[in-house]
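Here are some notes to read beside the sequence and the model. Please follow each point on the structure as you go.

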Amino acid sequence: MNGLHLIADIYRCRPDGEILTRRAALEALCVEECRNAGLSPLGAYFYQFEDEQGQPAGVTGTVVLAESHLAIHTWPETGDVTLDVYVCNFSRDNSGRARQVFQRVIDGLAPEEIVRHEVVRGRLAVEA
């Protein structure tokens, strides 16, 4: 289960278009960037929230990868997003691929501020 988990709190996003409020647009960005990075999407589920007037509001979604997952949640009222990309490094080192998809999705959101964390997951080999 060794892998890399990239986590971001993304503030005051100002993307072109309606990506923070349109399920299909956000899903397309996430799935496409996973593929572009050389990761293997197995499926995706994105949910469209609506406001009291029935208009599109935030979106929450996940892309299940052969290598693990991408998860994203939007708050268009404030322009904020949370993003998680976790990839396993079992059969190959996917860290560069994870960083690529992470950065490309962030670039597509055009934020003013980002708080990032990198977490190395799993156990390192222990020498006897």
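1. Arg92 is partly exposed, with a relative accessible area of 34%. (Buried means under 20% relative accessible area, exposed over 50%, and partly exposed in between, using a 1.4 Å probe and protein chains only.) The side chain of Arg92 meets that of Glu67 in a salt bridge, at 3.6 Å from N to O. Glu67 sits in the loop between strand 3 and strand 4 and Arg92 in the loop between strand 5 and helix 2, so the pair ties together parts that are 25 residues apart in sequence. Glu67 is buried, at 9% relative accessible area. A salt bridge here is a side-chain nitrogen of Lys or Arg within 4 Å of a carboxyl oxygen of Asp or Glu. Helices (H or I, at least four residues) and strands (E, at least two) are DSSP runs, numbered from the N terminus.

2. On the source: this is a predicted model, in which local features need pLDDT of at least 70 and side-chain atom pairs count only at pLDDT 80 or more, while totals for chains, interfaces and linings use all residues. Residues are numbered from 1 along each chain as its sequence is written, and side-chain values use heavy atoms, with hydrogens and water left out.

3. How many salt bridges does a search of the whole structure find? It finds seven. One of them joins Arg99 and Glu118, with the closest N and O atoms 2.8 Å apart. This pair links distant parts of the chain, as Arg99 is in helix 2 and Glu118 in strand 6 (residues 113-121), 19 residues apart. Arg99 is partly exposed at 38% relative accessible area. Arg12, Glu112 and Glu113 are linked in a network of salt bridges.

4. Arg23 and Glu27 also form a salt bridge between their side chains, at 2.6 Å from N to O. The two are separated by about one helical turn because they are four residues apart in helix 1. Arg23 counts as partly exposed, at 33% relative accessibility, whereas Glu27 is among the buried residues of helix 1.

5. Helix 1 covers residues 23-36, which makes 14 residues. From first C-alpha to last it reaches 20 Å, close to the 20 Å expected at 1.5 Å a residue; the expected span is 1.5 Å times one less than the number of residues. What do the buried residues of helix 1 pack against? Their partners are strand 2 (41-50), strand 3 (56-65), strand 4 (68-75) and helix 2 (95-109). Glu33, in helix 1, is buried at 5% relative accessible area. Leaving out residues up to four places away in sequence, Glu33 touches Val101, Arg104 and Val105; contact means heavy atoms within 4.5 Å. Just after helix 1, Gly38 takes a positive phi of about 90 degrees.

6. Strand 2 and strand 3 run antiparallel and are joined by eight bridges. (Two strands pair if DSSP finds at least two bridges between them.) Tyr47 has Thr60 in strand 3 as its bridge partner. The hairpin of these strands has five residues between them, and Gly54 there takes a positive phi near 80 degrees. Strand 3 and strand 4 also pair in the antiparallel sense, over six bridges, and the hairpin joining them runs through two residues.

7. Is Val81 buried or exposed? Val81, in strand 5 (residues 80-88), is buried, with a relative accessible area of 2%. Its contacts beyond four places in sequence include Ala8, Ile72, Trp75 and Leu109.
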